[in-house]
Amino acid sequence: MLRSRKLVGKRETAAAQYAFGPVEDDIIIKYRLLTRTTTTRGEPPLKKLQKKFAAFTHEIEKEAENHGECERLAKAFLQELNTFEIPLLKSRGVMDANVREKENYNELKDEINRQILVAQKDIEDLKNLLEESKIERQHKEECEAIRKLIATQPPRSETQEIINKLEKDIAALEAENTAGSRTLDLRKKQFALLLHVVDELQNTIEEDQRSIAEEIRSAIDERSTSLEAVNGGGEAMAVD
């Protein structure tokens with residue numbers, strides 16, 4: 001930034017030293033290109049060539065015997081023409097060089113644009129590769145975490161032995177459960193049979209009790225009848 005300020009300051013100082021402004025400079029440069037002049041002093045070459053040609057034609061138009069003067073003016077005109085032609089040839093060479101330079105620039109520009117497109121494609125490919133690398137790295141980290149977790153676990157043989165033992169314990173518990181279920185079913189049946197026997201026994205006891213009561217009642221009735229009969233015979237004997 002400091003360097004740019006220095007350059008601006010130099011440009012302002014140089015501009016202040018010039019007698020013409022930017023607009024006048026453009027006009028002067030355009031005029032110099034048209035008249036093939038490199039300085040503001042002196043007569044333009046084109047005007048000098050015009051004067052030489054005008055002097056030569058004017059001398060030819062004279063009716064006097066002036067072959068020597070015409071030859072001198074012709075040589076001067078041709079010399080001036082050659083002098084004017086040299087910058088034209090140089091300008092032609094410069095123009096051709098500029099055309100070639102422009103073509104080279106266009107080719108270089110196309111090549112740069114092509115390289116830019118290739119670079120952009122490479123950047124996109126690298127971005128995709130980076131994303132894939134990130135995903136792959138994440139998978140590797142997850143696998144490493146799982147590996148460490150697996151490493152903290154007991155060996156497969158021990159785990160399989162524990163599993164086999166647990167399966168045996170489960171089978172034993174299932175067998176014990178089955179046996180307990182069967183025993184419980186048997187006890188239920190036995191208890192139901194016991195209840196049935198108790199009911200039958202209770203019914204039998206009740207029937208026996210009723211039978212005994214009937215027998216006792218019958219015996220009491222018979223005894224009462226016997227006593228009445230005995231009492232009736234005594235009374236009859238007393239009357240007699």
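## Packing of helices α3 and α4

The buried residues of α4 pack against α3, where buried means under 20% relative accessible area with a 1.4 Å probe and protein chains only. These residues are Cys 70, Leu 73, Ala 74, Ala 76, Phe 77, Glu 80 and Phe 84. The model is predicted, with local features needing pLDDT of at least 70 and side-chain atom pairs counting only at pLDDT 80 or more. Residues are numbered from 1 along each chain, and side-chain values use heavy atoms, without hydrogens and water.

The chain has five helices and zero strands; helices are DSSP runs of H or I with at least four residues, strands are runs of E with at least two, and numbering starts from the N terminus. Of the 240 residues in the chain, 6% are buried.

Helix α4 has 86 residues and spans 122 Å from its first C-alpha to its last, close to the expected 128 Å, the expectation being 1.5 Å times one less than the number of residues.

| Helix | Residues |
|---|---|
| α3 | residues 45-60 |
| α4 | residues 67-152 |

The two helices pack at about 160°, with axes 9 Å apart; axes are lines fitted to C-alpha atoms over the stretch in contact, and angles run from 0 to 180 degrees between N-to-C directions. α3 and α4 are therefore roughly antiparallel, a term for angles over 145 degrees.

Contact means heavy atoms within 4.5 Å. Residues of α3 that meet α4 include Leu 49, Phe 53 and Phe 56, and their counterparts in α4 include Leu 73, Phe 77 and Leu 81. By class, this contact has 14 nonpolar, no polar and five charged residues; Ala, Val, Leu, Ile, Met, Phe, Trp, Tyr, Cys and Pro count as nonpolar, Asp, Glu, Lys and Arg as charged, and the others as polar.

Conventions: Parallel < 35°, antiparallel > 145°, perpendicular 65-115°, else oblique. Buried < 20%, exposed > 50% of the residue type's maximum accessible area, 1.4 Å probe, protein only.
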